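Reader: Could we go through the disulfides of this chain together? Please keep the answers plain.

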Amino acid sequence: MPVRTTVALALLVALAGCGTDAPGDDHAPTAPPGSTDGAPSQTSAAPTGGTVGEPAVVEPAPGLLEWRDTGVPTGTRYVKGTEWEALADAGGTQVELTRDGDAVTVKAGGGRTISEVLMSTEWAVVVEQDRAESAPSEVVAVDLATGEQRDVVSPPAASGGSWALTAGDLYYPTYVDDAYCLATGALADANGEDGWCAPDRSGFSGLTASAHGVGIMTFDDARPVACRTANLLDGSGLPQPVEGATDCTAWDVAATVDGALWSEVPRPRRQEEARFLASADGAYFDLGPGTTGTAVPCGDSVFFVRDPQGDDEPARLMRWTPQRTLEVAYETASVGNAFLGEPVCGGDVLTLTSFGEQGDEHVWANVG
């Protein structure tokens, strides 16, 4: 059975870059009767929350989504959207986008591999990374209304790094005069521009994007542990630290309708284990334990993974809703020795892989 790999390696790679230059059929639902289909469970009133020093502890409530089998092996790169679905081949040489008989194929060029497949309700983006990581990534955007392909060439994309897509806006890393910078591309008019650049000997990762805003984790090169900060981009595109986050301990971050969700790592040597928190209109909430690198905004909510908290506990997908409720959106049949892959959002459809002794799953659910 696969073993979860810590995302610390990805952060160290990014920091090094800063210092240097027929799937998707609607099979029967896997959730039990009475589960929701994308709608948060009804509550009488939104919780009021606590203070920065004493955030209100939120107990999760049942809120299983109506999960369906993708028909795709768990090790396959796959994204399901509202109408389209994207499937990469095993060698990472091409991605096929399909919809009701329509098909668009994006092939990686020579010496390149598919490193990212992103999808919103309007666009799909395929990133082709140079295998030697010595040349910029090549980026192809597909207009999901027409199937038309276009190259995203300006600003040029850095090799690797963190990417995010919401509606028609793409966020990705670029270099400007050897500085590691955040680029924004408006896909509809092929208008891209570079923006904020990380200071010398620092970098960024963990990009998330939704209609509510853009989250970005910044970090420096302090040793033995980098100082990490959870930020949201302000109106001018500059990172602003999330109010209430503990200095230097942040990892995940995502904007919500009335605040932010973020994670903090209390023990530097256990970087995969985090405590998740949220803010809403100046109130603060303790969402409990979770796994770093798994926070994903999708639909109107933000989701994150919680590994088993004991030998008799399943792995769970948690959902923080606009109603300030924490729900269990998915849980594994296996307990103890079980885990979930990072959730993948395609507009308002979430795809999830699940691993455990009772069997693996690759499933999707509507969340919008």
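**Disulfide bonds**

Author: The sulfur atoms of cysteine 181 and cysteine 197 are 1.9 Å apart, and the two residues form a disulfide (a pair of cysteine sulfur atoms within 2.5 Å). This is a predicted model, in which local features need pLDDT of at least 70, side-chain atom pairs count only at pLDDT 80 or more, and totals for chains, interfaces and linings use all residues. Residues are numbered from 1 along each chain as its sequence is written, and side-chain values use heavy atoms, with hydrogens and water left out.

Reader: Which strands hold cysteine 181 and cysteine 197?

Author: Cysteine 181 lies in strand β14 (residues 179-186) and cysteine 197 in strand β15 (residues 191-197), so the link ties together parts 16 residues apart in sequence. Strands are DSSP runs (E, at least two residues), numbered from the N terminus.

Reader: Is cysteine 181 buried or exposed?

Author: Cysteine 181 is buried, at 0% relative accessible area, whereas cysteine 197 is partly exposed at 27%. Buried means under 20% relative accessible area, exposed over 50%, and partly exposed in between (1.4 Å probe, protein chains only).

Reader: How many disulfides does the whole structure have?

Author: A search finds three. Cysteine 227 and cysteine 248 form one of them, with sulfur atoms 2.0 Å apart. The torsion about their S-S bond is about -75 degrees, so this disulfide is left-handed.

Reader: What is the sulfur distance for cysteine 298 and cysteine 345?

Author: Their sulfur atoms are 2.1 Å apart in a disulfide. Cysteine 298 is buried at 1% relative accessibility, and cysteine 345 is buried at 18%.

Technical notes
Helix = DSSP H or I, 4+ residues; strand = E, 2+ residues; numbered from the N terminus.
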